[in-house]
Amino acid sequence: MNGRALHYFALLTSLATLALLGVGGLVTSHGVGMAVPDWPNTYGYNMFFFPVSQWVGGIFYEHTHRLVASGVGLLTGILALWLYGRTARPFMRWSGLTLLFLGLATSLAFARRWADGLVLGIAGTALFGASFAWPRCEPSQRWLRRCGVVAFLAVVLQGVLGGLRVVLYRDAIGIFHATLAQLFFVLICAIALFTSRWWHNLPAPAASRADVRLTCFFTATTVLILAQLVLGATMRHQHAGLAIPDFPLAYGKVWPAIDAASVEQYNQQRMEILSVNPITALQIVLQMAHRMFALLILAAVAGSAWSACKQLGKENFSSKLALAWLVLIFAQVLLGAGTIWSNKAADIATAHVLIGALSLAAGSFLSIVSLRNLIPARRLTESSSVARALPPSPFVAPGASGVR
């Protein structure tokens, strides 16, 4: 039962992370990342006590982003502790008492920071109390426990990067913040996969040269998608998303001129020149590179789907997922075009970001499942009791065999 609950909780955390990516995308799409100029407070308030009446305009999006991020951080912490099973109880008790003491000390020593002390005290009390009702399940495998720790450290780092982006007012930090968000989402999805009974019930590996080639194909394509997402984050935080206002052409050409005279002419033609900074040749190159990468990824994913169907058969789970991956990439291309045609409408631009995250997760999923075929069977042997304790994967029908 604990294994089943753990798996579903990991799925819940992955869905919450996807929602966080959506809220973050809305913040960037609306250009309100600096609507709240301080951190970790919100206009001097502890963020959890910021008056609802002041959640207006861009503040609503940015403050909501912070609250959702805090929720994802809480879920990730619970997930990391759950992976340690009953052995997490002593740590939870001592950590809870420590937070409770810090909360009391903060409230007594700094009267104006009573809200911070109250939050620490509540967190400490909840952690200490939860330790007595914590699942008594056995700890997960060591490597999976480490994945949970890495996920928790990543979400903390993600929060710090988001805060530094505000405090230091540096767009470059926003690029790292967006990239880490994508990687964190993939890691949480991977933990959800690793805690499923479907993963443990996969047949024993039987690697072949075809498996090696297919795994390399999946992995290389996934790396391309990650690079594309980094490039997209760079564009968004460099405000280069509309450096080229037309599609599929670019200023009426296959490749636009980027000499100084042409860039000056482009700036004169831009209707939004009064509200945003003029574009530069670098921003035009960034967007053209983004378009070229999109075509390359579309071809690579199509090749991956074709190779999977040919080598594994159309009924194989990996083949079906590869075809779904191709559908996601097609949707991603259409949303990218729609972002330009709609003059960067916030909802379309945010959907573009979310489909990109799902595409990266799908590629990572395929790479992980394929890579499993290359690992010696003796390293993947699991006890039947563990397999029975885990729920079936929600991604496949009962009785599906997974990979070859």
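Which residues does tryptophan 325 touch, not counting residues up to four places away in sequence? In this predicted model, the partners of tryptophan 325 are Phe218, Thr221, Thr222, Ile225, Val301, Ser304, Ser359, Ala362, Gly363 and Leu366, with residues up to four places away in sequence left out of the list. Tryptophan 325 also belongs to the largest nonpolar core, a group of 58 residues in which Trp325 and Ile191 touch the most other members. The element that gives the most to this core is helix 6 (residues 171-194), which supplies eleven residues. Apart from this core lies another one, made of nine residues, including Ala243, Ile244, Tyr266 and Ile284.

Serine 359 is found in helix 12, which covers residues 346-372. Serine 359 counts as buried because its relative accessible area is 1%, under the 20% limit for that class. Beyond residues up to four places away in sequence, the contacts of serine 359 are Ile225, Trp325, Leu328 and Ile329.

A step back gives the overall picture. The chain holds 13 helices and zero strands, and read from the N terminus its elements run α-α-α-α-α-α-α-α-α-α-α-α-α. Of its 404 residues, 48% count as buried. Among contacts between residues at least 6 apart in sequence, 79% join residues at least 24 apart. The chain exposes about 20,300 Å², and 70% of that area is supplied by carbon and sulfur atoms.

The buried residues of helix 4 are Ala115, Asp116, Gly117, Gly121, Gly124 and Leu127. Helix 2 (58-83) and helix 3 (89-109) are among the elements that cover these buried residues.

Charged pairs come next. Side chains of opposite charge can pair when their charged atoms come close. The count for the model comes to five salt bridges. One of them joins arginine 66 to glutamate 62, with the closest N and O atoms 3.1 Å apart. Both arginine 66 and glutamate 62 lie in helix 2, four residues apart, or about one turn of the helix. An α-helix has 3.6 residues a turn, so residues three or four places apart point the same way. Arginine 66 and glutamate 62 are both buried.

A second salt bridge pairs arginine 86 with glutamate 138, the closest N and O atoms being 3.1 Å apart. This pair links distant parts of the chain, 52 residues apart: arginine 86 sits in the loop between helix 2 and helix 3, and glutamate 138 in the loop between helix 4 and helix 5 (142-168). Arginine 86 counts as partly exposed because its relative accessibility is 40%, whereas glutamate 138, at 54%, counts as exposed.

A further salt bridge is formed by lysine 320 and glutamate 315, whose closest N and O atoms are 3.8 Å apart. Lysine 320 is partly exposed, with a relative accessible area of 46%, while glutamate 315 counts as exposed at 66%.

Conventions:
Residues numbered from 1 in each chain as written. Predicted model: local features only at pLDDT ≥ 70, side-chain atom pairs only at ≥ 80, totals over all residues. Heavy atoms only, no water. Core = buried A, V, L, I, M, F, W, Y, C linked by side-chain atoms within 4.5 Å. Buried < 20%, exposed > 50% of the residue type's maximum accessible area, 1.4 Å probe, protein only. Helix = DSSP H or I, 4+ residues; strand = E, 2+ residues; numbered from the N terminus. Contact = heavy atoms within 4.5 Å. Areas by Shrake-Rupley, 256 points an atom, 1.4 Å probe, with all protein chains shown as cover. Salt bridge = Lys/Arg side-chain N within 4 Å of Asp/Glu carboxyl O.
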